[in-house]
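Here are a few notes to go with your first look at this one. Open the structure alongside and go through the points in order.

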Amino acid sequence: MAADETSTLLSKRPKPPRVTATSYYYSPKIQRFYRFTSTKSSPFIALYRRPLEIYDDAKQQQQPIINPQTETTGLLTRSMVLPSHGTDPSHRWILVSVGGRTGWARRTVPTTNTPVDEENPTICLPCTDNSKTSKEQRFPSFHPADSFQAKEGWMGNHIFLCRGKLMLGSDASLFYITNLLLFASMGIYFFLIAKHQQLYQQQPNDVQYYSAILSAIGSTLYLWRAATLDPGILPPDSSPYRPPPPMDSIPQGGSIPINSGPSGYRYCSTCNIFRPPRSKHCNSCNVCVAKFDHHCPWVGNCIGLRNHGAFFVFLCFISVWCCVVFYGCIVVVMGSYGEVVENVHRLAEEKDSTIHDNSNNINNNFEQEHDKQRHYESYENVMTDYQILFEIISSQPLEVILGSFALLCAWSLVSLTCFHALLVSLAQTTNERVRGVYQYGGVENEEDEGCCRNWMTFCGSGGSVQSLLPDFSEVVRLPEDRRGKEGVWEDWKAGDSLSSLISPHCGDG
């Protein structure tokens with residue numbers, strides 16, 4: 001079989017032109033977009049299986065009453081723009097979707113008594129009268145959004161920088177801590193340790209110095225590249241309908257099975273897509289990633305098909321950097337130890353000369369051994385080994401602390417780099433290795449074509465795959481012919497008030 005199934009599915013297809021934000025979000029099934037703004041008074045909004053007026057109708061008809069709170073399909077806890085697939089007959093409720101999760105949400109209905117924001121007429125302000133409409137406006141609701149930034153409609157837990165030009169993973173805070181530790185170690189090394197190291201070396205070590213510069217620059221560049229590069233996110237489908245199986249799957253006459261282990265498609269109910277083989281849904285970032293390796297909190301991003309190579313190069317650079325820093329700290333600490341021991345010996349000799357008068361005796365051999373013993377006793381009386389250790393730590397505290405930290409990091413990172421080198425040689429991912437897919441599952445790894453071919457595939461797979469995401473700094477605009485044209489959802493079931501109004505073929509699980 002061809003190397004790497006996911007690369008075959010994604011990279012060997014003809015590369016389409018990069019999608020625009022409008023074409024990415026808009027589809028014929030979407031009638032309009034709505035914005036929910038999370039505030040202190042309305043921190044979340046609930047999505048229901050039915051519009052709440054249906055429960056009022058059930059009370060009037062004396063039918064069995066169902067608690068609406070038990071039939072929520074989810075809670076939207078952050079500001080976001082969602083697509084609407086239509087309204088109910090009263091036009092007070094809209095059917096919205098977040099990936100594969102669909103539900104009815106309250107819609108702001110402008111009336112003659114509803115004040116409107118003059119700067120943005122699509123946003124209705126809270127009412128102050130006691131009418132029925134004003135009471136409804138007090139509930140959390142959605143407001144029409146005919147235009148919005150692409151990042152506002154993204155369902156993943158990502159952080160956007162530079163107005164959407166850069167996208168970080170869900171653990172952006174830990175990514176910032178990684179940068180802080182890296183830059184702090186650079187400052188201490190180049191402005192303190194490197195200068196102290198020159199005092200204890202007879203000749204400057206150019207190899208070490210240039211290795212430090214190269215590894216520091218490489219670590220920073222590839223850390224940011226691995227963190228900001230799209231790992232191979234598979235775009236979710238925000239729709240109440242479950243998509244059909246892919247064209248190259250067995251149900252469509254293809255060769256790839258569905259729900260049959262790592263070599264087949266799997267349906268993700270959160271993203272509402274059939275993800276290709278070796279892909280996985282990341283619960284931290286809330287997206288599906290092609291050829292998912294793992295979620296790295298220190299990089300703050302998922303590691304997948306498109307950024308695994310950058311992550312591996314970052315591991316190599318950061319491992320060299322930690323080793324260089326550790327070596328520099330050892331040189332300074334050992335040089336300081338030599339100075340302390342030399343001073344101790346000098347003090348011991350001075351103490352010997354003041355107490356004992358070295359005179360010529362008959363037995364010179366016996367006198368020499370006796371002098372050595374007296375010198376050793378004087379050495380112990382001047383400073384013990386623990387006092388020497390304390391003197392070194394107190395004189396070089398940063399070198400001792402940074403050296404110890406660099407040693408722990410070097411041990412972990414070198415081991416991690418070797419582990420990923422092993423995975424590349426075996427054409428496996430961390431997710432597959434940890435789960436024992438090929439060791440204990442009795443499944444043959446069809447992607448393994450030998451060590452050399454696996455490395456060639458690994459080096460050329462990431463950069464050749466085009467991202468499926470749009471530029472999140474763009475503005476999404478609803479086409480002019482669709483603005484203001486919003487009707488009742490096409491699958492609304494009139495008269496079936498107490499049954500689920502979401503059609504049976506919808507993807508809600």
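1. A definition to start: the expected span of a helix is 1.5 Å times one less than its number of residues. Keep that in hand for helix H6, which covers residues 206-228 and has 23 residues. From its first C-alpha to its last, H6 reaches 33 Å, close to the 33 Å expected at 1.5 Å a residue.

2. Staying with H6, which of its residues are buried? They are Gln208, Ala212, Ser215, Ala216, Gly218, Ser219, Thr220, Leu223, Ala226 and Ala227.

3. Before going further, remember that this is a predicted model. The protein chain has a mean pLDDT of 77, and 70% of its residues reach 70 or more. Two stretches call for some care. Over residues 374-382 the pLDDT is below 50, though this stretch still has 21 contacts in the model beyond near neighbours in sequence. Residues 495-509 also have pLDDT below 50, with 44 contacts counted in that way. Where pLDDT is low, the predicted coordinates should not be read in detail.

4. Now for the chain as a whole. Its secondary structure comes to twelve helices and 18 strands. Of the 509 residues in the protein chain, 45% are buried. The chain exposes about 26700 Å², and carbon and sulfur atoms supply 58% of that area.

5. How about contacts along the sequence? Taking those between residues at least 6 apart, 70% join residues at least 24 apart.

6. The unreviewed UniProt entry lists residues 173-195, 311-337 and 400-426 under "transmembrane region". Residues 173-195 are 100% helix and 0% strand, with end C-alpha atoms 33 Å apart. The span 400-426 is likewise 100% helix and 0% strand, and its end C-alpha atoms lie 39 Å apart.

7. Among the strands, take a look at an open sheet of three, in the order E11-E15-E14, with antiparallel pairing. Which strands sit at its edges? Strand E11 (233-234) and strand E14 (280-282) do, each pairing on one side only.

8. Zoom in on the E14 side of that sheet. Three bridges join E14 to strand E15, residues 287-289, and the two run antiparallel.

Terms used: Residues numbered from 1 in each chain as written. Predicted model: local features only at pLDDT ≥ 70, side-chain atom pairs only at ≥ 80, totals over all residues. Heavy atoms only, no water. Pairing = 2+ DSSP bridges. Helix = DSSP H or I, 4+ residues; strand = E, 2+ residues; numbered from the N terminus. Buried < 20%, exposed > 50% of the residue type's maximum accessible area, 1.4 Å probe, protein only. UniProt positions renumbered as here; feature names shortened; annotations may be inferred. pLDDT = per-residue confidence, 0-100. Contact = heavy atoms within 4.5 Å. Areas by Shrake-Rupley, 256 points an atom, 1.4 Å probe, with all protein chains shown as cover.
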